[in-house]
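Please look through the sequence and the model below before reading on.

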Amino acid sequence: MDNFVKFQDDVDSWKSLMLMYNSALKEIQTKMDILNEEFQHIHRYNPIEYIKARIKTPESIVKKLKKNGYESTIPNMVEYVNDIAGIRLVCSFTSDIYRLAEMIRKQADLALLSVKDYISNPKESGYKSYHMLVTVPIYLSDGKRDMKVEIQIRTIAMEFWASLEHRILYKFEGNAPEYISRELRECASIVSMLDDRMLYLDEEIRKLEGEF
Ligand code: 0O2
């Protein structure tokens, strides 16, 4: 019976926690939609092409805790798993990424905990993305909670690459055949080149538009 009560308590804490992470995700999603709409209104241009939001699956939370040597407990997941609530902003150009990061930094009610700039410092695999870990306040019936949300910002080309690489990572559990890893690294440099050239084109078009 005691075990059942404990289990029930854990289920209740889990459900409350997921509700809080979901609320945090909604708050951030709304903030990003507003930024995008306002930017469109002023500059006639959307820095965000699309947004993906997700709550990490219980399996993935447990796997991450285990990988980092922590027991699967609710306090550990809150403390050590930073991307339970994750939102991804997908942009056309690399310049949009830094523009968005700056706009996010300026939001007074978001606290910036850390930044990982895998664009200036890509991973060995070729992974590029800009990660910001923030806390966002959510207001419940009994008060305020600051919830962690990971914001990933990347271009459409980086997203294309990362999605395939993620599948490969899972499939081979980090031990992909050398020719696949090599091919991926080559694709990563093609992605970087494509991003640079598309940005160049965009800037040139803007200059020409300015002339007319
Ligand atoms: P999954 O399966 O996507 O959930 P930290 O959160 O700071 O304690 P972590 O997790 O290394 O440590 O932080 P980081 O580097 O910001 O990574 C967070 C998430 O970014 C990862 O979550 C991935 O979703 C994504 N990511 C990071 N590195 C790579 C990479 O090399 N390739 C791809 N495709 N995605 C990456 P998870 O939990 O690792 O994985």
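Leaving aside its neighbours within four places in sequence, which residues is lysine 148 in contact with? In this predicted model, the residues in contact with lysine 148 are Tyr21, Val78, Glu79, Asn82, Ala85, Leu113, Leu133, Val134 and Thr135. Lysine 148 itself sits in strand β5, which covers residues 143-155. The side chain is buried but has no salt bridge. Glutamate 79 is the nearest side chain of opposite charge, and it is 6.0 Å away; a salt bridge requires the nitrogen and the carboxyl oxygen to be within 4 Å. Lysine 148 does have polar partners. Its side chain makes a polar contact of 2.9 Å with the side chain of asparagine 82, and a polar atom of its side chain lies 3.0 Å from the backbone oxygen of valine 78.

The fold as a whole comes next. The protein has six helices and five strands, and from the N terminus on they run α-β-α-α-β-α-β-β-β-α-α. The C-alpha trace spans about 75 × 45 × 20 Å along its principal axes. Of the 212 residues, 38% count as buried. Among contacts with a separation of 6 or more, 64% are between residues 24 or more positions apart.

Helix α6 takes in residues 178-211, and isoleucine 205 is one of them. Isoleucine 205 is partly exposed, at a relative accessible area of 46%. Its C-alpha is 36 Å from that of aspartate 109, a residue 96 positions away in sequence. In helix α6, aspartate 202 and arginine 206 are four residues apart, so about one helical turn separates them. Their side chains meet in a salt bridge of 3.0 Å, N to O. Aspartate 202 is buried, with a relative accessible area of 15%, whereas arginine 206 is partly exposed at 39%.

Which residues are closest to the ligand? Of the 18 residues that surround it, the closest are Lys56, Lys64, Lys116, Tyr118 and Glu165. An N or O atom in the side chain of tyrosine 118 is 2.6 Å from an oxygen atom of the ligand. On the nitrogen side, a polar side-chain atom of lysine 123 lies 2.7 Å from a nitrogen atom of the ligand, and a polar backbone atom of alanine 162 is 3.2 Å from a nitrogen atom of the ligand.

Aspartate 83 forms a salt bridge with lysine 56 at 3.1 Å, N to O. That pair links distant parts of the chain, since aspartate 83 is in the loop between α3 and β2 and lysine 56 is in the loop between β1 and α2, 27 residues apart. Aspartate 83 and lysine 56 are both buried. Aspartate 83 also forms a salt bridge with lysine 64, again with the closest N and O atoms 3.1 Å apart. Lysine 64 lies in helix α2, so this pair ties together parts that are 19 residues apart in sequence. Lysine 64 is partly exposed at 27%, while aspartate 83 has a relative accessible area of 8%.

The whole structure contains 14 salt bridges, and a network of them links Lys52, Arg88, Arg154 and Glu159. Disulfides, by contrast, number zero. Of the cysteines, cysteine 91 is buried at 0% relative accessibility, and cysteine 187 is partly exposed at 31%.

Terms used:
Residues numbered from 1 in each chain as written. Predicted model: local features only at pLDDT ≥ 70, side-chain atom pairs only at ≥ 80, totals over all residues. Heavy atoms only, no water. Disulfide = S-S within 2.5 Å. Buried < 20%, exposed > 50% of the residue type's maximum accessible area, 1.4 Å probe, protein only. Helix = DSSP H or I, 4+ residues; strand = E, 2+ residues; numbered from the N terminus. Lys, Arg positive; Asp, Glu negative; His and termini not counted. Polar contact = N/O pair within 3.5 Å; in protein donor to acceptor, adjacent residues only side chain to side chain. Contact = heavy atoms within 4.5 Å. Near = heavy atom within 4 Å.
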